[in-house]
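The following exercises concern the structure shown below.

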Amino acid sequence: MWNIFHSFKISKRVAAVFLILLAMMSIGGVVGLYNGRQIANVTKELYGNFFTRQDTLSSIEKELLTERQGVFLYITITDAASKSYLKQSLKEHDNKIKNLIEEYLRVEQFEHGETAFEKAWSDYKVLRDKAIGIYDNGDIKKATVLLYGDLSTSFKSAMDILQLLLTQEKDSAFNQYERADYLSKVITWTTLVMTIVAIIVSVSLWSMLTRSIVKPIEILEGSARRIASGNLKERVAITSNDEIGALAAEFNSMVEHLEYYYATLEKKVEERTRIIKNANDELFRKKQEMEILNEELVKANKMKSQFLANISHELRTPLNSIMGFSDLLLEKAFGELNEKQVQYVNYIHTSGRHLLHLINNILDLSKIEAGRLELEAEEFHLSDVIDEVVGIIRPMAHKKGITIETETTFTSPIVKLDKPKFKQIMLNLLSNAVKFNRDGGQVSIGWNIAEELKEAGIERILQLSVKDTGIGIKDEDIPRIFMEFEQLDPSITREYGGTGLGLTLTKKLVELHSGRIWVESKYGKSTTFSFAIPQGRLGSESAPTDMKSATASILSGQLPDDYASHFLPNEIEKDMPAKYQHGHEAPFATILVASESKAVNELIKVYLTQNGYDVELADDGVEVIEKANQMKPFAIIIGITIPKKDGWEVLKELKSSPDTCDIPAIIISAANNKELGFSLGAVDYLVKPVNKDKLLDTLNRLSFTAKIKRHPFSILAIDDEPQVLEFLGDILEKEGFGVLKATNGEDGIALAIERDPDLIILDLMMPHVSGFDVVYQLKKHPTAKDIPIIIFTAKDITTDDKVKLGDDIADILKKAEFSKNGLLREIEKLEMAYPARAKMIDPLTRVFNHRYFNYWIIQEIARGKRYGIPFAMLMVDVDRLHDYNTANGFLLGNEVLVDLARLLEDNIRKADCLIRHGGDEFLIVLPSIRKEVAAAVAEKLRIRVEGHAFHSANGKKNARITVSIGVATFPADGKESNELIQNISHAVRSAFQSGGNKVTLFNKAT
């Protein structure tokens, strides 16, 4: 057998061993499965023939005992209701016993007649029914004798048979258990025997396999070790014709070749060693030269970076003054200009812009070559930037009668690029397309989002082209157009102008975005510049093109300049008193007093002056009106029966005048006519004798409605250039901002700490104390550290600069590259970030006011349009607040609004926005909420308000108010803010007109 096994190839030997082991495992598995199946059958039979039947017999026994107790109870009790219940219970027990007997018979599978137990139980039931019948007929004694006699004997007979059946079932189960034990022993011994046999066979097979495979391999390994030690005369003994034998033959052949090559190797090694030594010496010499050159290059690059920073500051700073003041002159900020002056200022402004463009191109090109130009990618709408660039180029095109066409689609892609660099690319291409075009020509802008298959998956590519109908480019000149300072034809350069840097810079900016640019041209007819920039997987996300309309988010800073004045209103909230809309306020809180007697006037004066108020007295109604118009007091305290004009007439006249209607009036009179006083506009009504504490409390509560300090938004400008400070002051003061100026960093730090401005505009490159030092010092101060800072500099901001400045810088504006409206938009974004500083908080309720809402809703609509996210709006209007004010006074009415605002705020999410829309109306914006959910929120709020107790005139919180609530959603009920407000107002009116205290959903159908 060994000889047969040894004659096999190794693969066949392994297969034979595997098949033998597999056969043994199969035999053992079949035996185990058979015996396991037998045990399973025994177990199944044990359960079916014992447990099930035993459980059935136990249930019969339990039911029979319970039924027996019921019979005894029936014979012994006399209550009719109980007898009826027991009789019904006996029937139920009979049915259960009958069903259990049937179940038992099914399991036993009897073939003939009824069982002995079934007959005994049937006899017992007949005697039981007979005893019950005798008892029901009134023969209690006979029934009792039967119960304890024959019926007991019959019951005992049935129970004996039942116990016999249970004993038989136990015997049957024991027999099955003995059978299972036998089978278990058979499996154990069979498995043991098979295991021993398998071990013996496996050891034998392993020995055979080792002798035929491992031993030859060990021989081969020993020969290889001796050869590796240098004995090339060694040969492997070939002991078989299998794969190992073939390997040994090949190994011997390899050793023979190795012996030959080794004999000639030493000479070749000596020759190669000499060549490598010479090469190493040359590399070492060049390495030393490169290190010297690198040190010089690092030094030169550092000097170049410093030069670029200095030249950027030195060139852009005067340009900032040239262009900024020319802008102000063109806006006629300091008076009218004659025609010649306008012409010359335009020349100055145009030349400044041209010079700035040249400077930026040279500096950007230098930064790219030095590897210092960094990209800051952001997502934006492609159509927005294209429209903005076209708006800049169109005046130049209009002069030559050139039309510019852009591709229009329903959706505008959202691209991810460095936005300023992309604008520069488009400006360079479009300005060239217009500059080298013919009069009356055409420029076409096309774009596409293509998909290309890459290794990582499908990549989206932004492709954009600018085509003109101009002079074209010769084929031989096309390779030169992207070279630095390359001008194809001097005569064309003299005619059209240019430095030869625009296309070079454009190409490098496209390549910085990992893109490519190319040109196609027909000389004398047209030129098309095209470029492609990869966008990854998110580059073609689209949104409706009307996103570039006025509903785009103000906070994104992407609105065109001419939209800013329309969508950034400066008016103060409409619910504020008129006299405080412009920040005018008397230096002291002056109270005008005109009571019904001089004694009361003096008493009130003493009360008020002791508490810091400035008091002015008036003798009659005419004098009250005159002094109210002249002084604009904090409040007026007035009696009813005063000379010349009584208090009612004075109050009516004051409230009818726009100059005095917002001055709070407090009536003090012996006559109790609160309703009339409140209806004429009084904020409170005090009944004589006047109480000092109540009077002062009333004045304190007036802080709910007026005299909130309305100082303008203050801005601190820090710059070492006086012209820049004057320029910023002219822009900002004209817009109503308070401007503080510092000509150096040290003064700037002191002013920031002393005056606590709302915003700082800071230049970085200043002597002695730089802008970096100012930021560092302010961020260490406990109060000044929270002041937002806008960097306004000619310096190019590097990554290191950003790290040095930290995360607290609000924005960075470059000198000579910003517009007036751009600066104002940055400030407006900060107002949204700091609503309390910007006075966007309602002074009464301390929730957002209408001015904040104007900004916020545009942002929410823009987000909804971009991502398709709906939102809901609730308008909450107090039902008949005028009636409440008439009964309780305007001061308590204001407290109701404050209390209501808190109640609403406590019952909405943190993500929701609560706004006092004006008067007694509140708006609640619910982001990402649909109408049905918003309706549920509105109903919850209505119930909360209805059950809440508000202040009343008696000093207790027992007044009740209700609200009408309108519900509208975006975009179903309106796609713009005006449409939404109009529709939700309609829903609120509908709720109020139907009785109030109701929630109404806007429905276009109605």
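## Exercises on salt bridges and a sheet

Between Glu-282 and Arg-285 there is a salt bridge, with the closest N and O atoms 2.2 Å apart. The model is a predicted one.

**Exercise 1.** Determine where Glu-282 and Arg-285 lie, and classify the accessibility of Glu-282 and of Arg-285.

*Solution.* Step one: both Glu-282 and Arg-285 belong to helix H7 (residues 243–330), where they are three residues apart, about one turn of the helix. Step two: buried means under 20% relative accessible area and exposed means over 50%, with partly exposed in between. Step three: Glu-282 has a relative accessible area of 32%, so Glu-282 is partly exposed. Arg-285, at 38%, is therefore partly exposed.

**Exercise 2.** Explain which parts are tied together by the salt bridge of Arg-128 and Asp-94, and decide whether Arg-128 is buried or exposed.

*Solution.* Step one: the side chains of Arg-128 and Asp-94 meet at 2.6 Å, N to O. Step two: Arg-128 lies in helix H4 (residues 116–136) and Asp-94 in helix H3 (residues 80–108), so the pair ties together parts that are 34 residues apart in sequence. Step three: the relative accessible area of Arg-128 is 3%, so Arg-128 is buried. Asp-94, at 12% relative accessibility, also counts as buried. Step four: Arg-128 and Asp-94 are linked with Glu-67 and Asp-129 in a network of salt bridges. The structure holds 24 salt bridges.

**Exercise 3.** State the order of the five strands in the open sheet, and explain why one side of S20 and of S23 is left without a neighbour.

*Solution.* Step one: the order is S20-S21-S19-S22-S23, with mixed pairing. Step three: from one strand to the next, the twist averages 20 degrees. Step four: strand S22 (residues 963–970) pairs with S23 in the parallel sense over three bridges, and Gly-966 stands opposite Thr-1000 in S23.

**Exercise 4.** Which strands does helix H27 touch, and which does helix H28 lie across?

*Solution.* Step one: helix H27 (residues 931–946) packs on the sheet and touches strand S19 (871–878), strand S21 (921–927), S22 and S23. The direction of H27 makes about 165 degrees with that of S22. Step two: helix H28 (residues 977–993) lies across S19, S20, S21, S22 and S23, at about 150 degrees to S22.

How values were computed
Residues are numbered from 1 along each chain as its sequence is written. This is a predicted model: local features need pLDDT of at least 70, side-chain atom pairs count only at pLDDT 80 or more; totals for chains, interfaces and linings use all residues. Side-chain values use heavy atoms; hydrogens and water are left out. Two strands pair if DSSP finds at least two bridges between them. Helices (H or I, at least four residues) and strands (E, at least two) are DSSP runs, numbered from the N terminus. Axes are lines fitted to C-alpha atoms, for helices over the stretch in contact, and angles run from 0 to 180 degrees between N-to-C directions. Contact means heavy atoms within 4.5 Å. A salt bridge is a side-chain nitrogen of Lys or Arg within 4 Å of a carboxyl oxygen of Asp or Glu. Buried means under 20% relative accessible area, exposed over 50%, partly exposed in between (1.4 Å probe, protein chains only).
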